[in-house]
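Visitor: Could you show me how to read a structure like this one, feature by feature? I'd like the general idea and then the case at hand.

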There are 2 protein chains.
Amino acid sequence: MSEPIGIGLLGLGVVGTGVARTLLEKRESIARRVGRALELRRILVRDTQRPRALSGLPLTTDPDAVLDDPAISVIVEVLGGEEPAHTYIRRALAAGKHVATANKEVMAKHGPELVAAAAARGVDVAYEASVGGGIPVIGPFRLDLLANDISQVTAIINGTTNYIITRMSQAGLDFATALREAQEAGYAEPDPRNDIEGIDAAYKLAILATLAFHARVHPNDVYYEGITSLSPSDFRYAEELGYAIKLLAIGKQTDQGLELRVHPTFLPTSSLLASVDGVFNAVQVDGDLVGRIQFYGRGAGAGPTSSAVVADVIDLAQRLPGEMPIRAQATAYEARPIGRIEDVHTRYYLRLVARDRPGVIAAIASVFGQLQISLASIIQKEDVPADGPNGESGETYAEIVFMTHRAHEAAVQQARQRIALLPAVARIGSVIRVED
Amino acid sequence: MSEPIGIGLLGLGVVGTGVARTLLEKRESIARRVGRALELRRILVRDTQRPRALSGLPLTTDPDAVLDDPAISVIVEVLGGEEPAHTYIRRALAAGKHVATANKEVMAKHGPELVAAAAARGVDVAYEASVGGGIPVIGPFRLDLLANDISQVTAIINGTTNYIITRMSQAGLDFATALREAQEAGYAEPDPRNDIEGIDAAYKLAILATLAFHARVHPNDVYYEGITSLSPSDFRYAEELGYAIKLLAIGKQTDQGLELRVHPTFLPTSSLLASVDGVFNAVQVDGDLVGRIQFYGRGAGAGPTSSAVVADVIDLAQRLPGEMPIRAQATAYEARPIGRIEDVHTRYYLRLVARDRPGVIAAIASVFGQLQISLASIIQKEDVPADGPNGESGETYAEIVFMTHRAHEAAVQQARQRIALLPAVARIGSVIRVED
């Protein structure tokens, strides 16, 4: 057996502790399987005195002690956030060390540059843990699917929002209650904005789309909407109409270029993604050769993330810096225009509250008609709670739901604005895109 | 860009044609993505004069012309069957060529020896296409899941039987009709025995279990039953009880060793595997770090298989023979005893036809009681078609279904024999294991 490979760890939070525990507790079985031991040599933390779940670890507060240690050939970055993680990764690569990172923000914003910087130094940056936790998704794109032309990637890649949505759907909770529950269960952070506003999913979609479409996709190219405006009634109507609501990340090749969007979506309950519940993630890929494939599992947590990080470390440990990359690198990007959200062409669900008067539906339907949006179905429920803007007493309100046939986003947004101005309309509840 | 890598192809059937087509039609995009062109130099066929879907191919009937060509560094084997495929693969490896194969029979029976022979020559044998078509399953076991201790692999890995079962379940067809339909659709071969008797699935389970449990699992270690004795009424009862029936391949670590079995199985309809229909495959893995993950897609066909074979070729083409293996090889097998089917401990469904007389259920239930098998539920339907052994006129028959709590296979088989001998019992319809 060759000599052990030295590992440096940046960060010892939940994920870092999981990685350290795995490297220590599984040292022998990993060495047996890999033919080489992995040795945790140095761990960067903010405070070496803080009580830790694991004792006797080689902690340091000095980044140089990790990044400049010549006996360390693989750096594991699990700090999270853009800085200083990005700077440390750059330094490690420049020093000729491999890097394994779980950092979606850094890889989404700087991935292609880091991959190129690594290649220039004869090392590699591995980031399987950055999307989908322990589910192998990066590896398949970097190798297994390389012969395919991929037409679409459709993913549930944020466990926090999927947990909240599942609770809203199954227990009828409102958003605030479901969020609080997720926070109490440790599935949502005290400041949950990155998750619930769709930003985290947009980072991950940028990473997947870069790989799937061999294009340089930046998070700024991704349109995103979060789940904060979903209401329990949206879930009730969805069920009535035969749909589930999911926060989907969609990357699609169209004639106009790449469509890249993250938003709540109506999905037929018969679709596989519709049954991905709780904190689970799923990534669905449509390729010209492989057809439709899907990967499913836990997208976060110490165990799943450690599984991916340690696999990356094993992958990197198979060769010394300077040897050729183990997995094919998509370094030759193809130029692909990025589509605008206004050009999306799909079906829509629109829920609104209106005064229950004759002619209301006709007025709304005529707006749709003027904009060439054809309607597939209308559901009206009477006597919903008012919440009208002026709280007129004696007035009854109806909740009305419209499902359109395929229409252009731009037209639907225009319809939304015009309908909101109709005197009989109290408020627009939601506009949600529908995918088949 | 480096010079092209020479590919030799053994076999030009449905899969071989798919591989050749992919290598030719995607030559440029693959070269761009991989940094190196793949050049199809020679193809072994039985008859060079036969009309082919692709013209101008470099055909030969001489295996030496492929296996001994010094300009060929990767051999793709898509002949199928044990011989001569196995011999050709050995020769190619001995000649210092990489091999990519889709051959489950060869890899199940000889995989570990071939992997060792390859390693001894500094080359590699890749076999992603041998299980699950284009779904990445071998790669994840060889690398992505390597840090995990895997407790169970549960898979639907034979598309032919899953298609037949799906038709029986959804359209109420009997087995013979569903099989004929599958043959007409091209999903079942004229001689379907390998598929419908569970042999193909047993090969694939041997391959997956070898990887998952780091143990040398031979197909002879796998207990298998096919789907030929399933009847439409089994599907009706399954639905009534909240289950789907699937031909599952199960590999499980137990205190008694490895449980390795392929058989029809009752699965709760809420489980993800229950909704894998038609020719689709799914592989579910339970790991200590990663939790439960699942891979889903088409398990056969020219496109999916080519997707996997060409990915393997790309993987192999990244380095010259003599350089180190790209993916970690599980060459260090751990000794694990193989459990016996008699020791399986699970729940059971038993369907039988009995004369509709007082005391019948009591007699049957008392057999279960004597053998310490406790019953969870009983369904009795009267007036089923007789088919009794003696065709007594005037006698009415009842179909009775028993669901047991967890019990030992040995006891259940004994119960089955004793119940079959009861005077009131006309025949045992099915005994099917139940998994949660």
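Guide: Let's start with strand pairing. Strands of a sheet pair through backbone hydrogen bonds, either parallel or antiparallel. In this predicted model, strand 2 of chain B, residues 38-44, runs parallel to strand 3 of chain B, and 2 bridges join them.

Visitor: Which residue in strand 3 of chain B is the bridge partner of B:I43?

Guide: That's B:L59. Next along, B:L44 has B:T60 in strand 3 of chain B as its bridge partner.

Visitor: And how many bridges join strand 1 of chain B to strand 2 of chain B?

Guide: There are 6 bridges, and those two strands run parallel too. B:I43 turns up again here, in strand 2 of chain B, as the bridge partner of B:L9.

Visitor: What is the strand order of the whole sheet in chain B?

Guide: Read across, the order is 3-2-1-4-5-6, an open sheet of 6 strands with parallel pairing. Its edge strands are strand 3 (59-60) and strand 6 (125-126) of chain B, each of which pairs on one side only. Helix 1 of chain B, residues 14-25, packs on this sheet and touches strand 1 (5-10), strand 2 and strand 4 (74-77) of chain B. The direction of helix 1 makes about 160° with that of strand 1 of chain B.

Visitor: Now helix packing. What angle do helix 4 and helix 5 of chain A make?

Guide: About 10°, with the axes 10 Å apart; helix 4 covers residues 85-94 and helix 5 covers residues 104-120 of chain A. Angles under 35 degrees count as roughly parallel, and therefore helix 4 and helix 5 of chain A are roughly parallel to each other.

Visitor: Which residues of helix 4 of chain A meet helix 5 of chain A?

Guide: On the helix 4 side you'll find A:A85, A:H86, A:I89, A:R90 and A:L93. On the helix 5 side, they meet residues including A:V106, A:H110, A:E113 and A:L114. Sorted by class, this contact has 7 nonpolar, 2 polar and 2 charged residues.

Visitor: How about the two chains: how much area do chain A and chain B bury between them?

Guide: About 4,400 Å², with 57% of it on carbon and sulfur atoms. In terms of contacts, 47 residues of chain A touch 47 residues of chain B. The rule also finds 4 salt bridges across this interface. A salt bridge joins A:D288 and B:K26, at 2.5 Å from N to O.

Visitor: How many salt bridges are there over all chains?

Guide: The count comes to 52. Take B:D124 and B:R142, whose closest N and O atoms are 3.3 Å apart. B:D124 sits in the loop between helix 5 (104-120) and strand 6 of chain B, while B:R142 is in helix 6 (residues 138-144) of chain B, so the pair ties together parts that are 18 residues apart in sequence.

Definitions and conventions:
Residues numbered from 1 in each chain as written. Chains lettered and ligands numbered in written order. Predicted model: local features only at pLDDT ≥ 70, side-chain atom pairs only at ≥ 80, totals over all residues. Heavy atoms only, no water. Pairing = 2+ DSSP bridges. Helix = DSSP H or I, 4+ residues; strand = E, 2+ residues; numbered from the N terminus. Contact = heavy atoms within 4.5 Å. Axes fitted to C-alpha atoms, helices over the stretch in contact; angles between N-to-C directions. Parallel < 35°, antiparallel > 145°, perpendicular 65-115°, else oblique. Nonpolar A, V, L, I, M, F, W, Y, C, P; charged D, E, K, R; others polar. Buried area = accessible area lost by both parts, 1.4 Å probe. Salt bridge = Lys/Arg side-chain N within 4 Å of Asp/Glu carboxyl O.
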